[in-house]
Amino acid sequence: MAHVSLRAVLVGALGASALSVNIAHAQEPLQVVTSFSILDDMVSTIGGDHVSVTSLVGPDGDAHAFSPKPADAQSLADADLIVVNGLQLEGWIDRLIDASGYGGEVVVASNGIDTRSFEGHEDEDEGDHDDHDHQDHATDGEEEHHHHGDVDPHAWQDLENGEQYARNIRDALVKADPAHADAYRANAEHYIDEMEALDKEAKARLSQIPASDRLIITSHDAFGYFADAYDLELLSPVGINTLAEPSASDMGSLIQQIESSHARALFLENMTNPALINQLHEETGIAIGGTLYADALTAEGEGSTYLGMFQHNVDTLLDALEADD
């Protein structure tokens with residue numbers, strides 16, 4: 001009996017044109033939509049050539065203030081997978097997913113981390129937030145004015161949490177596209193190794209800052225996990241939400257606290273209005289020590305990747321806080 005190739009059998013059963021369409025579809029990258037730029041980089045790094053990633057909130061964008069457009073709903077409708085931060089960062093995401101008609105899996109990258117409470121809430125509020133239904137549902141026209149509840153959503157600012165993000169993304173990609181599971185696992189392993197090395201370096205370098213100089217003052221409270229991980233202190237004018245505005249009395253109290261703390265520097269953020277930090281600089285005379293990457297990457301340069309962002313923040317803090325008197 002003559003040997004008959006599998007392709008010949010398939011062509012006879014399906015027709016050449018149908019087979020070409022099926023093969024082309026099988027080779028298409030997985031379509032992944034992420035909520036903001038940091039997740040975009042994580043998914044792109046782990047997924048490599050096997051994924052095509054679209055970020056709803058782009059470089060230097062503020063996820064707190066994001067207002068979805070109809071085109072964003074279409075992006076979700078066309079997606080094979082959606083990856084979000086969770087922890088109520090994206091107060092607009094449930095409404096957008098509902099509007100898109102997307103029925104697939106929503107991956108919460110922060111699932112499994114030890115959350116950080118804020119605004120006086122105690123550790124009993126900590127826990128895993130592993131479902132996008134935990135997001136706040138904003139009313140019409142108020143998508144951007146969401147509240148974060150009692151959990152700090154900026155968990156990526158601790159590299160150990162970043163490792164958990166990577167594991168969650170790896171597992172989701174393997175489940176969605178098992179044909180490329182080995183590549184996803186290898187990429188994730190290398191990525192996590194890089195995070196572990198940078199975390200070790202950051203701990204060693206930041207531990208050299210004297211106790212009296214370990215204060216970070218930023219526009220909004222995005223660096224709580226960072227401060228906890230590297231034994232620093234944190235003050236901010238507006239708390240968690242970038243859209244909040246401090247009252248005159250709050251600013252007065254903060255100025256008094258800053259002046260009594262002998263802080264070395266104030267820090268801008270790449271995705272927030274610099275007005276508050278500039279005002280604090282004018283009121284206190286304390287120098288502005290540079291710009292930190294908080295909730296977003298940049299379009300290019302060192303801050304265009306998660307690891308580059310982290311390295312930049314460590315370097316910037318050290319340059320300012322280790323300055324000679």
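# Why the terms apply: strands, helices and rings

Guide: Strands E9 and E10 run parallel and are joined by five bridges. The model is a predicted one, in which local features need pLDDT of at least 70 and side-chain atom pairs count only at pLDDT 80 or more, whereas totals for chains, interfaces and linings use all residues. Residues are numbered from 1 along each chain as its sequence is written, and side-chain values use heavy atoms, with hydrogens and water left out.

Visitor: Why do E9 and E10 count as a pair?

Guide: Two strands pair if DSSP finds at least two bridges between them. Ala 265, for instance, stands opposite Ala 287 in E10.

Visitor: What makes a stretch of chain a helix or a strand?

Guide: Both are DSSP runs numbered from the N terminus: a helix (H or I) has at least four residues and a strand (E) at least two. In this chain there are eleven helices and ten strands.

Visitor: Why is E9 described as largely enclosed by the rest of the structure?

Guide: A residue is buried if its relative accessible area is under 20%, exposed if over 50%, and partly exposed in between (1.4 Å probe, protein chains only). Five of the five residues of E9 are buried, so E9 is largely enclosed. Ala 265, Phe 267 and Glu 269 are buried on one side, and Leu 266 and Leu 268 on the other. For the chain of 325 residues, 49% count as buried.

Visitor: How do you know which residues of H10 line one face of the helix?

Guide: In helix H10 (residues 275-284), Ile 277, Leu 280 and Thr 284 are buried. Seen down the axis of H10, these buried residues fall within an arc of 60°, so they line one face; the arc is that of the directions from the helix axis to the C-beta atoms. An α-helix has 3.6 residues a turn, so residues three or four places apart point the same way.

Visitor: What do the buried residues of H10 pack against?

Guide: Contact means heavy atoms within 4.5 Å. The buried residues of H10 pack against strand E7 (215-217), helix H9 (248-261), strand E9 (265-269) and strand E10 (287-292). Just after H10, Gly 285 takes a positive phi of about 80°.

Visitor: Which strands are the edge strands of the open sheet?

Guide: The sheet has four strands in the order E2-E1-E3-E4, with parallel pairing. Strand E2 (51-57) and strand E4 (106-108) are the edges, since each pairs on one side only. The twist averages 25° from one strand to the next. E1 and E2 are joined in the parallel sense over six bridges; within E2, Ser 55 is the bridge partner of Thr 34. Helix H3 (residues 37-47) packs on the sheet, touching E1, E2 and strand E3 (81-84), and its direction makes about 175° with that of E2. Such angles run from 0 to 180 degrees between N-to-C directions, with axes as lines fitted to C-alpha atoms, for helices over the stretch in contact.

Visitor: Why is the pair of Phe 36 and Trp 156 called tilted?

Guide: Rings of Phe, Tyr and Trp (its six-membered ring) pair if their centres lie within 6.5 Å; planes under 30 degrees apart count as stacked, over 60 as edge-to-face and the rest as tilted. The rings of Phe 36 and Trp 156 have centres 5.0 Å apart and planes at 55°, so the pair is tilted. Phe 36 is in strand E1 (residues 30-36) and Trp 156 in the loop between strand E6 (151-152) and helix H6 (159-176), 120 residues apart. Phe 36, at 1% relative accessibility, counts as buried, as does Trp 156 at 0%.

Visitor: What makes the pair of Phe 226 and Phe 310 tilted?

Guide: Their ring centres are 5.4 Å apart and their planes at 35°, so this pair is tilted. Phe 226 lies in helix H8 (residues 224-229) and Phe 310 in helix H11 (residues 306-321), so the pair ties together parts 84 residues apart in sequence. Phe 223, Phe 226, Tyr 230, Tyr 306 and Phe 310 form one aromatic cluster.

Visitor: How many residues has the largest nonpolar core?

Guide: A nonpolar core is a set of buried Ala, Val, Leu, Ile, Met, Phe, Trp, Tyr and Cys residues joined through side-chain atoms within 4.5 Å. The largest has 76 residues, and Val 83, Leu 173, Phe 226, Tyr 306 and Phe 310 have the most contacts inside it. A second, separate core of 13 residues includes Met 251, Leu 266, Leu 268 and Ile 286.
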